[in-house]
Amino acid sequence: MSKAQDFNTFLQQTVLKKADEQYKRAMEHLIQNKQQVIDEYVEAFQNLCLDIKQNQRLNPAIKVSYIQYSLLFSHVLLKKAPYRLEAFDEDYYLGNVISEADYNPTWLFEPLHAFYEEIQREAKKYILRVTPIEVERIFLIELKKYEEVIKFLAKEAIETLVDTEEYQSLPYGEEIQFRIGEYRGTTDILFIKNDRNDALWRYVCGLFSNQAR
């Protein structure tokens, strides 16, 4: 059997099966514990805000223009907290990092690491047919699915996040962009904090509050 045939067998019989098993494990946790998961996401933001306030005491002129959830690939491979929260001034990457905090969704990344360990172990049965580099590449491809879960979660958590005292008291100039993506790489806007959006949020909350009476 050729190397290509062995590699295809490895993909079909091991990789796809193990990937599906571990991803289902993560999704089951999300479905069963959705509010807890959202609260953990928001808690990381609150920790960042506490650090911002501490730094603002030292420098009252601090204004936040960007808050970003960034995935660090090196931390994923090393099993460290995979996400870093950063608050930037108006110059973004070219400016100053005002504050930092970690976000470690172990419920999501433990299944991903279990998948990696399983395919590493199974790959040893294909000596000289499936290399460690190929296994790592498979792992990084699978990681993209897990990134999308966090992006979905981030959007689901917005309502909880903007209702916190920490969000409402953030020091900012014209606006703050909340973004998510790769560390020092491509990011997507989650939402924008400015006077107009804050007023709209208060109005919507007021409507729901009145309807509940």
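**Note on a predicted structure**

1. Arg 184 counts as partly exposed, at 34% relative accessibility. Here buried means under 20% relative accessible area, exposed means over 50%, and partly exposed lies in between (1.4 Å probe, protein chains only). Arg 184 sits in the loop between strand 4 (172-182) and strand 5 (187-194). Its phi is near 55°, a positive value in a residue other than glycine.

2. A word on the source. This is a predicted model: local features need pLDDT of at least 70 and side-chain atom pairs pLDDT 80 or more, while totals for chains, interfaces and linings use all residues. Residues are numbered from 1 along each chain as its sequence is written, and side-chain values use heavy atoms, with hydrogens and water left out.

3. The overall build comes next. The protein chain has eight helices and five strands. These are DSSP runs numbered from the N terminus (helices: H or I, at least four residues; strands: E, at least two). From the N terminus on, the order is α-α-β-α-β-β-α-α-α-α-β-β-α. The C-alpha atoms fill a box of roughly 65 × 45 × 25 Å along the principal axes. Of the 213 residues, 45% count as buried.

4. Arg 184 has a partner. Its side chain meets that of Glu 86 in a salt bridge (2.8 Å, N to O). Glu 86 lies in strand 2 and Arg 184 in the loop between strands 4 and 5, so the pair ties together parts that are 98 residues apart in sequence. Glu 86 is buried, with a relative accessible area of 0%. A salt bridge here is a side-chain nitrogen of Lys or Arg within 4 Å of a carboxyl oxygen of Asp or Glu. A search of the whole structure finds 14 of these salt bridges.

5. Helix 2 deserves a look. This helix (residues 34-58) has 25 residues. It reaches 37 Å from its first C-alpha to its last, close to the 36 Å expected at 1.5 Å a residue. That expected span is 1.5 Å times one less than the number of residues. Its buried residues include Val 37, Tyr 41, Phe 45, Cys 49 and Asn 55.

6. Lys 53 pairs with Glu 165, the closest N and O atoms being 3.3 Å apart. Lys 53 lies in helix 2 and Glu 165 in helix 7 (residues 165-168), so the pair ties together parts that are 112 residues apart in sequence. Lys 53 is partly exposed at 24% relative accessibility. Glu 165 is partly exposed too, at 47%.

7. Tyr 126 is buried, with a relative accessible area of 15%. Leu 128 is found in the loop between helix 4 and helix 5, but is exposed at 78%. Phi of Leu 128 is near 65°, a positive value in a residue other than glycine. The C-alpha atoms of Tyr 126 and Glu 156 are separated by 42 Å, with the residues 30 apart along the chain.

8. Lys 145 is partly exposed at 32% relative accessibility, whereas Glu 142 is buried at 9%. Salt bridges that share partners also join Lys 144, Glu 147 and Glu 182 into one network.
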